[in-house]
Amino acid sequence: MKKVLLLLLMAIGLIGANAQGQLVKGKITDENNKPLAGATVALKGTPVTTTTDESGAFQINTGTQTAPVLVVSFVGYLNLEYPVKGRTDFTISLQPDTRTLGDVVVVGYGTQKKSDITGASSSIKAAEIAKRPLVRLESALQGTTSGVAVTTANGQPGTAPRVKIRGANSITGSTEPLYVIDGNIGSGSDVNPNDVESLEILKDAASTAIYGSRASNGVVLITTKSGQTGKPKIGFSAWTRNDRIPRELSLMDPYNFALAVNNQNVSTGGAAAFSDQQLADLKSGAVKGTDWQKALQRKPWVQNYQLDLSGGSEAVRYYFSLAYLDQPGMILNQWYKRTSFRGNVDVKVNDRLNVKFIISAILPQNHNTNYGGGLGDPFNQAVEWDPTSPIRDANGNFISHSKYASIQFNPIAQALNQQHDNFDGGNALTNNYSGSAILTYRLLKDLTFTSTDVYGLGYGFAQGLDGPGTAAFDNGSDNAVTISNRNKSYLSSNYLTFKHTWGDHTLNATALYELSSNESNVVNATARKLSSYSLGYYGLGLGATQQTNATYTEDAMVSWMGRIFYTYKNKYTLSASMRADGSSHLTNKWSSFPSVGVNWNMKKEKWLEDSKIFSDFKIRASYGETGNQNVPAYSTIQKYNVGGTAGSGQYNYYYTGGTPTGPGTPSVATTVGDPVTKTLKWEIKKTVDAGVDMAFLNGRLTFTVDAYHANVTNLIYNRPASEIVGGGTFQANIGSLTNQGLEFGIGGSPVATRDLKWTTNLNVSINRNKITSLGGLDNIQLFGGNNTFSTELKVGQPLGEFVGYKFLGTWKTSEAATAYLYNKSQPGDSKYLDVNNDHSIDASDYVPLGNATPKYTFGFINDIGYKDFTLSFMFQGQQGSQIFSQTLAYIQGGQGDINNATSADAEVQKLWSPANQTNTPAWGVNGSHKNNSSRYVYNSSYTKLKNLSLTWRVPAATAQRMRLNNLEVYVSGQNLWVITPYKGYDPEVDNQPTGNAISQGQEFGVIPNPKSYTIGLRLSL
């Protein structure tokens, strides 16, 4: 018992001795004297550490040390050693680490120091993402990094921006990159922008080859936020913005429209449609008419809210978030809503084992957002409709049609009466749920095993009704439809990582086995000509005819990958990888994708390491191969057509004496579908890249340049089949193309003082592509006809080259004799280039008219901070591109569904006349007005002020009095102005939201991107 008491007394004495050590406290701030929460403060030479709280405060016991030194560190800042020298309360300011090549970045299946990277990559951090009120994550890529072109093809709520990394690499395949979210293959719609910690964009094949067949369009690695050690932290953010159509088309007022109709009628041999009294009433305003553009539009308020909780201990860290978005559309009766949830939990089980659990749910909803642009869309019809017509008649009923201008249905009635809920194109909008488990186990000192297993579920349920008051009901094709989707996915990535350093050598090796599978079910039920529409789209059983369809697909991929990084003296790095993928989609299922890269960090050389000019200087080069298997499942398996019901208008039947419309019932049967090829192979992209990364003046100025050349072979194309084998189309490998470009990035901090700081970044990207082979063909023409537009695939030309008639203005009086040779044309009629001089204007006279791919794109970002205020602005744009506007073609009148022009360019006084021989054609009996011409191909170059924001960070003392750790309030504007020669709504829009390279740059009634004004706040407590 005495021994026990003696031991207790000794222990108490030791504790007392330790307690007698000096207790110091202080505060850690950034370069602007703002508190840094989560900074690490360590006692040099000991294992004693602590971290700062939300106000940047810390306290630490220096023990028995006589000259204690504190080592302070924080991510993104230079480490600082601070001698205590007897002080017990002080403030330490850290300075940013501007040595950008020393950053650690995610590279796929691991991390690497940026100074050792051999490929081309870019990073975007959470701070940059937070500057704009983003609805979709993909928008964060726009204007922020070289080599990445982002356009929002449609201004409808919830529309996904189109992302293209280093140009187009396929004929008909999507240009979208591969999105990897915390190791899981997904899409930009699978993550809430506010949950993202960083984006890493992998651009060259040496970086992307580790993802093999899915990475031919580049890779975007998304890392979501994790909790930090410390007490629980609650964050809340909210913003609301007002959206509006940025500008309107110049259309005729009712009076000038009536004059134009009279002129057209008389010029073509008819009688005037409007009497003198009607003209007088329209001119005086006694008869008002309708401004259909304004009647359809609204200026909605978009709202976004997020609440998150984070914190944890050394053993368990957590981050949970809940967000809600409500985005009404800019036209009547249209909206998009989204609820999202994310939970990230990091568990340190012991010194060897770490486990991370991730759960997420994205629950979107929409209403009438399936207006992709086109003839019957209300937005398109709003500029084609008769401005002399009211919306409703004297009894309050919608006027369905007008005698003038468009022959289509009343756009206001269509917008208000259509009911399309939760549609995503022809499918149901999907609610996505996913769960991930990431296990990391250190087998040996230098050997780690990582297993990422992700299970995803997607459920969609769409319902639509085209009933009374819609165009479908008006023309007898009214219907109700229900679509149900169910998707399941599984991904298992298992890899070993070996990291070892000996002497001047560092080796990092990875070996991977990966399995992924997907399964999809779709059930579609349609009813037509319902006996009653009182139940809306729930009344499918009331249809006179009914049809059901069900589809099922399943696919899988198995992959092996090996990769090494070898670094010598931190100066020379060699990387090499080989990935083999086996896909169920193709005939030749397996292919291998190698890569190799080198870099030379010249700053580490003795003759440059003491340079006062260069802070960093790295030269790198790489070669790599990636693939594309972007074809539907079962593309190499013969399919059969099934289904069809009497009265549905869709049949697969044997002849049994009956006909689809006559007596008897056709027999539903199973018939052979489109032919298939038995030699379908991977598209293969081989890329060479060379780049230089430099930093000057202690990191105050950075410069990056990249040059690349890619050759894509075995291009996959949906080729028409001969009628001998039954017609249809089939997937085939038909040729090759080249894709090359230059990228420049320059940035820095021109001003960096205590109160004033200015950072800036400019990036410019140049890209060219050219078809080098079409499998023996010279060209393939797509689409066509006078009322649509044609594109062409031609050896030696870029993808998606516009082709059509060259518009030369009008025939003048002096050319009357020559004009008559062209279908008896007269002065004032349209004049086109006769390529073959046969006095006939037909498809043989097609010439190249332009291309939607810009010559270069750019982004210019600036942040100017003064004390607690930050002004940010970003310009983004493109130059050297063209757009075909069928909208502007149709409103000239006399084509397709529009009898009379509505454009102000077609006012009577602007048309050709003997006294005023303009290049705007007059109306004539034999005149030829071809939409498919250069008259409607416009320069779509633009420069936009994409974002302008002013943020006030409430001083820490004021925030603390409000019991807040941080409070920021900001106002901003998006798309505030644009410089462009394009006469339409928006040069950025497109009818192809998926980015198909051969049909890009065509616009027909597409809703433009909004001009927006935003106010928001961010706080934490």
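How many helices and strands does the secondary structure of the protein chain comprise? The chain comes to 13 helices and 57 strands; these are DSSP runs numbered from the N terminus (helices H or I, at least four residues; strands E, at least two). The model is predicted, so local features need pLDDT of at least 70 and side-chain atom pairs count only at pLDDT 80 or more, whereas totals for chains, interfaces and linings use all residues. Residues are numbered from 1 along each chain as its sequence is written, and side-chain values use heavy atoms, with hydrogens and water left out.

The C-alpha atoms of the protein chain fill a box of roughly 120 × 65 × 65 Å along the principal axes. Buried residues make up 51% of the 1021 residues. Buried means under 20% relative accessible area, exposed over 50%, and partly exposed in between (1.4 Å probe, protein chains only). Among contacts (heavy atoms within 4.5 Å) between residues at least 6 apart in sequence, 69% join residues at least 24 apart.

The largest nonpolar core has 29 residues. Such a core is a set of buried Ala, Val, Leu, Ile, Met, Phe, Trp, Tyr and Cys residues joined through side-chain atoms within 4.5 Å. Leu296 and Phe379 have the most contacts inside this core. Elements giving two or more residues to the core include helix 6 (292-296), helix 8 (411-417) and strand 48 (847-850). Helix 7 gives the most, with 3 residues. Beyond four places in sequence, the contacts of Leu296 include Met330, Phe379, Ala382 and Ile412. Another core, of 18 residues, lies apart; Val148, Val150, Ile181 and Val191 are among its members.

Helix 4 (residues 254-267) has 14 residues. Its span from first to last C-alpha is 20 Å, close to the 20 Å expected at 1.5 Å a residue, counting one less than its number of residues. Among its buried residues are Phe257, Ala258 and Val261. The buried residues of helix 4 pack against helix 5 (276-284). Just after helix 4, Gly269 takes a positive phi of about 95°.

An open sheet of 3 strands has the order 4-1-7, with mixed pairing; strands pair if DSSP finds at least two bridges between them. Strand 4 (57-61) and strand 7 (89-93) each have a single partner strand, so one side of each lacks a neighbour in the sheet. Strand 1 (residues 23-29) pairs with strand 4 in the antiparallel sense over 5 bridges. Leu23 stands opposite Asn61 in strand 4.
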